Amino acid sequence: MRTHDCEATLSDGEVMEFCQNGYSIHKAVVPDEINRRVFEYADEHDGGVPWEEDWYIDNVFLNEHVVGAVRTLMGANFAFKHCCNHRVECPHDMTGGWHRDGGSIVGPKLYCL
């Protein structure tokens, strides 16, 4: 297992946005060459992600534009254990191409459990 530490970069407000939305967007920070390489790898490995490859870790997980955000959310010496590929075909477009996890409800209503 590989670990990493760096400076935390998200503000308290950005952490709250992440908690509210469940994601943090960092647009166009991974070089096109690396994106192509990841997709080629996934296509050649039944959708697998090259999460143990140094070129992937260095350019995706440790990308200088997002690693501080990961550090903020995961804490000091966060670990790389596994990854999954979310490029799946869904039965409808309501999820924006994302699959459902943990029996989540997909629909127009807000559910508070």
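This note goes through the predicted model point by point, from the overall fold to single residues.

1. Overall layout. The chain of this predicted model contains 4 helices and 2 strands, and, read from the N terminus on, its elements follow the order β-α-α-α-α-β. Of its 113 residues, 19% count as buried. The chain exposes about 8,700 Å², of which carbon and sulfur atoms supply 50%.

2. Contacts across the sequence. When contacts in the chain with a separation of 6 or more are considered, 62% of them involve residues 24 or more positions apart.

3. Phe78 and its surroundings. Phe78 belongs to strand S2, which covers residues 78–80, and because its relative accessibility is 3%, under the 20% limit, Phe78 counts as buried. Leaving aside neighbours within four places in sequence, Phe78 is in contact with Arg2, Thr3 and His4, and also with Leu62, Val67, Val70 and Arg71. Of these partners, Val67 and Val70 lie within the residue range of helix H4 (67–74).

4. The nonpolar core. The largest nonpolar core is made of 8 residues, namely Val29, Val30, Ile34, Val38, Val49, Trp55, Tyr56 and Val66. Helices H2 and H3 each supply at least two residues of this core. Trp55, one of the core residues, is in contact with Ile34, Arg37, Val38 and Pro50 when its neighbours within four places in sequence are left aside.

5. Asn63, a polar residue in a loop. Asn63 is placed in the loop between helix H3 (54–61) and helix H4 (67–74), and this residue counts as buried because its relative accessibility is 5%, under the 20% limit. The side chain of Asn63 reaches the backbone oxygen of Val29 at a distance of 2.9 Å. Apart from neighbours within four places in sequence, Asn63 is in contact with Val29, Val30 and Asp58; Val29 and Val30 are also members of the largest nonpolar core.

6. Most residues other than glycine have a negative phi. Ala28, however, has a positive phi of about 55 degrees although it is not a glycine, and Asp46, also a residue other than glycine, has a positive phi near 50 degrees. Ala28 is found in the loop between helix H1 (12–21) and helix H2 (32–44), whereas Asp46 is located in the loop between H2 and H3. Ala28 counts as exposed because its relative accessible area is 81%, over the 50% limit, and Asp46 is likewise exposed, with a relative accessibility of 79%.

7. Cysteines and disulfides. A disulfide is a covalent bond between the sulfur atoms of two cysteines. How many disulfides does the model contain? With a limit of 2.5 Å between cysteine sulfur atoms, the count comes to 0 disulfides.

Note on methods. Residues are numbered from 1 along each chain as its sequence is written. This is a predicted model: local features need pLDDT of at least 70, side-chain atom pairs count only at pLDDT 80 or more; totals for chains, interfaces and linings use all residues. Side-chain values use heavy atoms; hydrogens and water are left out. Buried means under 20% relative accessible area, exposed over 50%, partly exposed in between (1.4 Å probe, protein chains only). A polar contact is a pair of N or O atoms within 3.5 Å; within protein, one must be able to donate a hydrogen and the other to accept it, and residues adjacent in sequence count only if both atoms are side-chain atoms. Contact means heavy atoms within 4.5 Å. A nonpolar core is a set of buried Ala, Val, Leu, Ile, Met, Phe, Trp, Tyr and Cys residues joined through side-chain atoms within 4.5 Å. Accessible areas come from the Shrake-Rupley method with a 1.4 Å probe; for residues, only the protein chains shown count as cover.
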